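Here's a quick briefing to keep beside the sequence and the 3D view. Have a look at the model first, then work through the notes by topic.

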Amino acid sequence: MTEAEQLAILRDQIDDIDQTIQKLINQRAQCAQRVAEVKLASGAGDIQFYRPEREAQVLRRVMERNEGPLSDEEMARLFREIMSACLALEEPVKVAFLGPEGTFTQEAALKHFGHSAVAQPMAAIDDVFREVEAGAVAYGVVPVENSTEGVISHTLDSFIDSSLKISGEVVLRIHQYLLVGENTRRDKISRIYSHPSSLAQCRKWLDQHYPSAERIPVSSNAEAARLVKGEWHSAAIAGDMASQLYGLEKIAEKIEDQPDNSTRFLIIGNQEVPGSGDDKTSLMAATRNQPGALHDLLEPFHRHGIDLTRVETRPSKVGAWSYVFFIDFVGHADDDRVRMAMAEVEQRVSDLKILGSYPKGVL
Ligand SMILES: C=C(O[C@@H]1C=C(C(=O)O)C=C[C@H]1O)C(=O)O
């Protein structure tokens, strides 16, 4: 058989398979529409079309049963988009994210909700909280910690005065790029703009490759990319999305000092999410200002065999030297042993607020 004949046969097969996939995707979409009809018919006031726990279960199952050659992550990403499109038939999810357009937070929002979500950039973390509180959007996406740079304290502090709940988390591998516009040559860079945490994430690389360039902190990586678009002798450190958005050339790739550099983002909203089978819970506790307070707070977790994934301390804002603890652990607030531990913790602290139980990030 000639090469052309072999290719023609294979392409016919692909065309047939595509037709079948397409039919099945539409059948799936019809089922999702029927789900919406059932939810509406129930007559309940506040209908939740978007179900984070159900989506996490679907994606986990996709990964578990996957046999390749496509990777589990790749397959889950495809299903993420199919679900996003199906949900948009019920009602597109509206999401506010820490902008501007082109930030890693936008990338996180799209990774979590898929590209059929309607995502709106906000100028600051406070604005994301406010937009969700005002009901203008159903969810917000904010960064909370970076593996190289640590906690984003502004996000934690925002929970102190907010009644919003955490309904999900998403972890993004952060790759940084050195970007220039058409007016700048790679050997003529005297200024490098970026968000302070991105500058910090690339500090060693910059020391080595651009020791004498001035490092200029700006409000976001996307803002850095926008600034250097027309400037001379200037480069930006930013992600892939910003590079595409502003049509900048990548003159160096993956310049972050830690190869596994990642950021964790939280999804905030008003929803209480039922258990998905593999969940995390975040809480906030204020202790009385006395010796052993942190030990007393943590002890019940240890005794009930609950795995803590993070403990952060922040000033409480209600007087000097008093603190609020932010604790993340594995398990759902409805689990028996979590309930038991929480009942005990409540006796030992001056204030306890469960910020939310939510599925562990799948993608
Ligand atoms: C179809 C549903 O609604 C939404 C769409 C889903 C999907 O396409 O699989 C899953 C969960 C919900 O976000 C449902 O609740 O099952």
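**The overall picture**

Of the 363 residues in the protein chain, 37% count as buried, where buried means that 20 or more other C-beta atoms lie within 10 Å of the residue's own, exposed means 12 or fewer, and partly exposed is in between, with C-beta atoms placed from the backbone. Keep in mind that this is a predicted model: local features need pLDDT of at least 70, side-chain atom pairs count only at pLDDT 80 or more, and totals for chains, interfaces and linings use all residues. Numbering starts from 1 along each chain as its sequence is written.

**Fold and dimensions**

- You'll find 12 helices and 15 strands in the protein chain; these are DSSP runs numbered from the N terminus, with helices being H or I of at least four residues and strands being E of at least two.
- The C-alpha trace spans about 80 × 60 × 35 Å along its principal axes.
- Take the contacts between residues at least 6 apart in sequence, and 75% of them join residues at least 24 apart; a contact here means C-beta atoms, placed from the backbone, that lie within 7 Å.

**Around the ligand**

- The residues surrounding the ligand are A32, V35, F49, Y50, R51, R54, E55, V58, M83, C86 and L87, each with its C-beta atom, placed from the backbone, within 6 Å of the ligand.
- Three helices, α1 (3–41), α2 (52–65) and α3 (72–90), each put at least two residues into that shell.
- Sorted by class, the shell holds 8 nonpolar, no polar and 3 charged residues. In this scheme Ala, Val, Leu, Ile, Met, Phe, Trp, Tyr, Cys and Pro are nonpolar, Asp, Glu, Lys and Arg are charged, and the others, Gly among them, are polar.

**A closer look at α3**

- From its first C-alpha to its last, the 19-residue α3 reaches 27 Å, close to the 27 Å expected at 1.5 Å a residue; the expected span is 1.5 Å times one less than the number of residues.
- R80, M83, S84, C86 and L87 are the buried residues of α3, and the ligand shell includes M83, C86 and L87.
- The cover over the buried residues of α3 includes α1, α2 and α4 (104–113).

**Domains and how two of them meet**

- The chain splits into domain 1 (1–89), domain 2 (92–173 + 261–268), domain 3 (177–258) and domain 4 (272–359), with bounds that come from an automatic or database domain assignment.
- Between the C-alpha centres of domain 2 and domain 3 there are 24 Å.
- That contact draws 12 residues from domain 2 and 15 residues from domain 3.
- On the domain 2 side, α4 gives the largest share, 3 residues.
- By class, the domain 2 side has 2 nonpolar, 7 polar and 3 charged residues.

**Strand β12 and its partners**

- Strand β12 (residues 279–286) is mostly covered, with 7 of its 8 residues buried.
- β12 runs antiparallel to strand β15 (residues 351–359), joined by 8 bridges; two strands pair if DSSP finds at least two bridges between them. A285 has L352 in β15 as its bridge partner.
- β12 also runs antiparallel to strand β14 (residues 323–330), this time with 7 bridges. Here A286 is partnered with V324 of β14.

- G68 and P69 are joined by a cis peptide bond, with omega about 10°; P69 sits in the loop between α2 and α3.
- Another cis peptide bond links G99 and P100, with omega about 0°, and P100 is in the loop between β1 (94–98) and α4.
- H233 isn't a glycine, yet its phi is positive, near 55°. H233 lies in the loop between α9 (221–228) and β9 (234–238) and counts as partly exposed because 14 other C-beta atoms lie within 10 Å.
- K254, also not a glycine, has a positive phi of about 45°. Its loop runs between β10 (249–252) and β11 (262–269), and K254 is partly exposed, with 14 C-beta neighbours inside 10 Å.

- E231 is in the loop between α9 and β9, and is partly exposed, with 15 other C-beta atoms within 10 Å.
- Leaving aside neighbours within four places in sequence, E231 is in contact with G181 and N183.
- The C-alpha atoms of E231 and I306 are separated by 53 Å, and the two residues are 75 residues apart along the chain.

Note on methods: Contact = placed C-beta atoms within 7 Å.
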